[in-house]
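Biologist: I have a structure open and would like to go through it with you. Can we start with the chains and then move to details?

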Amino acid sequence: MDQRDASVPTISRLGPFRASVATFGALIGSGFRRYATYRQATLAGTFTNVVFGFLRCYVLLAVAEGAAGNMPAGYDAEQLATYVWAGQGLLSVIGIWGWTELADRIRTGDIAADLLRPIGPVTAFLAADLGRALHGMLTRFAAPLLAGAIFFPLHTPARWQTVPLFAVSIALAVIICFGCKYLVNATAYWLQDARGPIMLWTLGSGVLGGLYFPLRLLPDGFVTALWLGTPLPSLLQTPLDVIAERDGPVTQIALVALQLLWAVTMLLLAGLVQRRAERRLVVQGG
Amino acid sequence: MAEFRAYVALGTAQIRSAASYRASFLVELFGNVGATVFDVLTVLVLFRATPAVGGFTLREAILIVGISSAGFALADMLVGNVDKLKTYVRTGTLDAVLVRPLPALPQLLLMDLPVRKALRVVFGFVVLGLAVAANDVAWTPARVLLIALAPLMAGVFFSAIFVTSASLAFWWVDSGEIGSAFTYGGRDFTSYPISVYGSWFRNLFAYAMGFGFVAYQPALTLLGRDDPLGLPSWTGFLSPLVALVAAVIAGVVWRSGIRHYRSTGS
């Protein structure tokens, strides 16, 4: 480890802004390294993503075969295949499942140590999560997409802006997902045991995020309400619709703009909840 | 007899511990049903877009889902927790299990019996019941026997898959999510008519690994439908045999895994 990890905004020689950026970067790096340790698990996870890619892709293509005009919910077969395989690639990048670190630390009282650090827990955990996502992007994203491209015809983006929009959309989805996970975990400040909310989140985020099936298969009004009223479709459905070019260029940008709104909202909410929690917190064990 | 009493003691301890945090227990009870509800809901949503998937109507497809979910929920409750084996191997908890004078597998299952998954089993069987009611089955004694056996044998089959894929941890501690490809992946595979899958993928999962005989073939036999893939109608009755073979393989793999096991020393 280099000394950057020990640098703190207030005592650094670099000046406050550059020092915070350096600290944030160091935390991202440590999040990245943490996940880079488990190489075999990365391989095992990729295998599983590919198997599920085949399962979902075959089923959706069979649906397309029977649907009116072979376009269920406005996707053609190639767009559906892209939807499925990019979805499997993004699954562990967005990381909707499995993060209970904050809830665990609240339950065990370890959060007390986090609160003593010069960097707030929302910022620190966000940086670690961005590092995790970066690692996921480099190791878990390409393989399922490649497997999909070998076995199925995928949709090739027709508009130049699709790929950069997709990249922005992924980054925003990671941040939104982090905000959601943070809020779900933070219920442990009040409930001690966040298993219930975590379970609801695991259930809801998969289905309403667009992992099991494209949400557009649901009634239109319901989908619009879901998109505007909850951050869930912004997790997977938006990036996948962007790369599959399900909509025209204007809607495509509008969906990403909506994501931006949700990202800001979720981070503000996470910060607000954290401050409220700190005011009433009695750390477990005194 | 003493052994049996020990198992009962382990099991009731689990039920007591689950019942002592009532609110958490209720949330988990209903949360677990939710998972299976969404599986069934997914099928309903897909059929909104099309009248037939892989040549099967919604009614017929629900029968396949019903057998698969009832069997999977059963296996997941009774045996599913064995997939924590990789944690037990890594942390060394398995050592404690092995020094006790009881076989390791039943101990592991009863040490962590998820009572919270009970309602999910009920839901699986309710879906199966509704599916049977929705389809016009020409009942014969053989079909009555088959509808009673199919979900149970699906349960045996999925249990065998759970044990086999968990055993992987004996050789490969960091096997991570690879088991899910066959347990949850197997559930997803068996939830749809296997005519939707590409031929090599289907041959591998349905015939080589046996997933085709869990729900699809028995459902065809119940419905009296010809298999679009060409297998004769009696193959639906193979489900107990396939489940038995899977269970034997799982037993062999588990035993050789236990013999192979070397404690991590932690």
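Modeller: What follows is a walk through a predicted model, chain by chain and then residue by residue.

Biologist: How many helices and strands are there in chain A?

Modeller: Chain A has 13 helices and 0 strands. Its radius of gyration is 20 Å, close to the 19 Å that the globule rule gives for 286 residues, so chain A is as compact as a globular protein of that length.

Biologist: What does the C-alpha trace of chain A span along its principal axes?

Modeller: About 65 × 40 × 35 Å. As for burial, 48% of the 286 residues of chain A count as buried.

Biologist: And chain B, how many helices and strands?

Modeller: Chain B has 12 helices and 0 strands. The radius of gyration of chain B is 19 Å, close to the 18 Å from the globule rule for 266 residues, so chain B too is as compact as a globular protein of its length. The C-alpha trace of chain B spans about 55 × 40 × 40 Å along its principal axes, and buried residues make up 47% of the chain.

Biologist: What about contacts within each chain?

Modeller: Take contacts between residues at least 6 apart in sequence. In chain A, 79% of those contacts join residues at least 24 apart. In chain B, the figure is 80%.

Biologist: Now the interface. How many residues of chain A are in contact with chain B?

Modeller: 30 residues of chain A are in contact with 32 residues of chain B. On the chain A side, helix 2 (39-66) and helix 10 (195-209) each supply at least two residues. Helix 2 of chain A gives the most, with 15 residues.

Biologist: Which classes of residue are on that side of chain A?

Modeller: By class, there are 23 nonpolar, 5 polar and 2 charged residues.

Biologist: Let's go inside. How many residues does the largest nonpolar core have?

Modeller: The largest nonpolar core has 165 residues. Those with the most contacts inside it are A:Ile94, A:Val174, A:Ile176, B:Ala154 and B:Phe157. Helix 8 (residues 141-171) of chain B gives the most to this core, with 16 residues.

Biologist: Which residues does A:Ile94 touch?

Modeller: Leaving out residues up to four places away in sequence, A:Ile94 touches A:Ala173, A:Val174, A:Cys177, A:Leu235 and A:Leu236.

Biologist: Back to chain B. Which residues of helix 10 are buried?

Modeller: In helix 10 (residues 199-208) of chain B, the buried residues are B:Arg202, B:Phe205 and B:Ala206. Seen down the axis of helix 10 of chain B, they fall within an arc of 85°, so they line one face of the helix.

Biologist: What do they pack against?

Modeller: The buried residues of helix 10 of chain B pack against helix 9 (184-190) of chain B. The face turned away from the buried side carries the exposed residues B:Trp200 and B:Ala208. Just after helix 10 of chain B comes B:Gly210, with a positive phi of about 95°.

Biologist: Where does A:Ala73 lie?

Modeller: A:Ala73 is in the loop between helix 2 and helix 3 (77-95) of chain A. A:Glu245 is in the loop between helix 12 (237-244) and helix 13 (249-280) of chain A.

Biologist: Is A:Glu245 buried or exposed?

Modeller: A:Glu245 counts as buried, because it has 20 C-beta neighbours inside 10 Å. A:Ala73 counts as buried too, with 22 C-beta neighbours inside 10 Å.

Methods: Residues are numbered from 1 along each chain as its sequence is written. Chains are lettered from A and ligands numbered from 1 in the order in which they are written. This is a predicted model: local features need pLDDT of at least 70, side-chain atom pairs count only at pLDDT 80 or more; totals for chains, interfaces and linings use all residues. A residue is buried if 20 or more other C-beta atoms lie within 10 Å of its own, exposed if 12 or fewer, and partly exposed in between; C-beta atoms are placed from the backbone. Helices (H or I, at least four residues) and strands (E, at least two) are DSSP runs, numbered from the N terminus. The arc is that of the directions from the helix axis to the C-beta atoms. Two residues are in contact if their C-beta atoms, placed from the backbone, lie within 7 Å. Ala, Val, Leu, Ile, Met, Phe, Trp, Tyr, Cys and Pro count as nonpolar, Asp, Glu, Lys and Arg as charged, and the others, Gly among them, as polar. The radius of gyration is taken over C-alpha atoms; the globule rule is 2.2 Å times the number of residues to the power 0.38. A nonpolar core is a set of buried Ala, Val, Leu, Ile, Met, Phe, Trp, Tyr and Cys residues joined through C-beta atoms within 7 Å.
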